[in-house]
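Keep the sequence and the 3D view at hand.

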Amino acid sequence: PAAGGKAATMTATLSPGFRQGFDGAVIVACDANYLPYAGVAAAQLAAVPGRGYDVLIGSPDPLDLPEALAAQGICHVAARNPALETALPLDARRSLATYMEIFLGAALHGRWRRILVLDSDILLERGDPSGLLCADMRGRAVAAVRSPCSANPASCTTRRGSSGSSD
């Protein structure tokens, strides 16, 4: 809480002219260095036929999106919390973009019914996150999906379709 016991209000800065079209949003989180990768994932999401969610690229600071992304209806959202930033572990591997789900959740509270935040280095194999946006969260506010690589690093070195044996 801020001075006086009141929680600090966070706000989000959205691309000029953005119009919310759905009650769900998928936000690809990045910093300026990862914008090209976030752009690929966001473009894949925007191209899903009949999608029922807004597509945004989220970062701690405002970024200018390439025209090609804006033409697909992709928006940018910037959000950060300076009071919280001093407590976050930041290093060569973790920039403020690592914590975008925290910033975005607070800054966009109440704007969308459900927000899915994805890392910019994600590979969309099947392309449509609608199932995640509709999942029953049993009244909980936050859900997470563990990377198979963090649960079982050996699974990430085995090629798909391979038995993994060394015959």
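The model is a predicted one.

**Pairing around E3**

E3 pairs with E2 and with E4, as listed here.

| Strand pair | Bridges | Direction |
|---|---|---|
| E2 (residues 24-29) and E3 | 5 bridges | parallel |
| E3 and E4 (residues 75-78) | 4 bridges | parallel |

On the E4 side, Ser59 has Ala78 as its bridge partner.

**Burial of E3**

How many residues of strand E3 are buried? The count is 6 of the 6, across residues 54-59, so the strand is largely enclosed by the rest of the structure. Buried here means under 20% relative accessible area.

Which way do the residues point from E3? Asp54, Leu56 and Gly58 point one way. Val55, Ile57 and Ser59 point the other way. Both sets are buried. In a regular strand, side chains alternate between the two faces of the sheet.

**Cysteines**

Are Cys30 and Cys75 buried or exposed? Cys30 has 1% relative accessibility, so Cys30 counts as buried. Cys75 has 2% relative accessibility, so Cys75 counts as buried too. The number of disulfides in the structure is 0.

Notes: Residues numbered from 1 in each chain as written. Predicted model: local features only at pLDDT ≥ 70, side-chain atom pairs only at ≥ 80, totals over all residues. Heavy atoms only, no water. Disulfide = S-S within 2.5 Å. Buried < 20%, exposed > 50% of the residue type's maximum accessible area, 1.4 Å probe, protein only. Helix = DSSP H or I, 4+ residues; strand = E, 2+ residues; numbered from the N terminus. Pairing = 2+ DSSP bridges.
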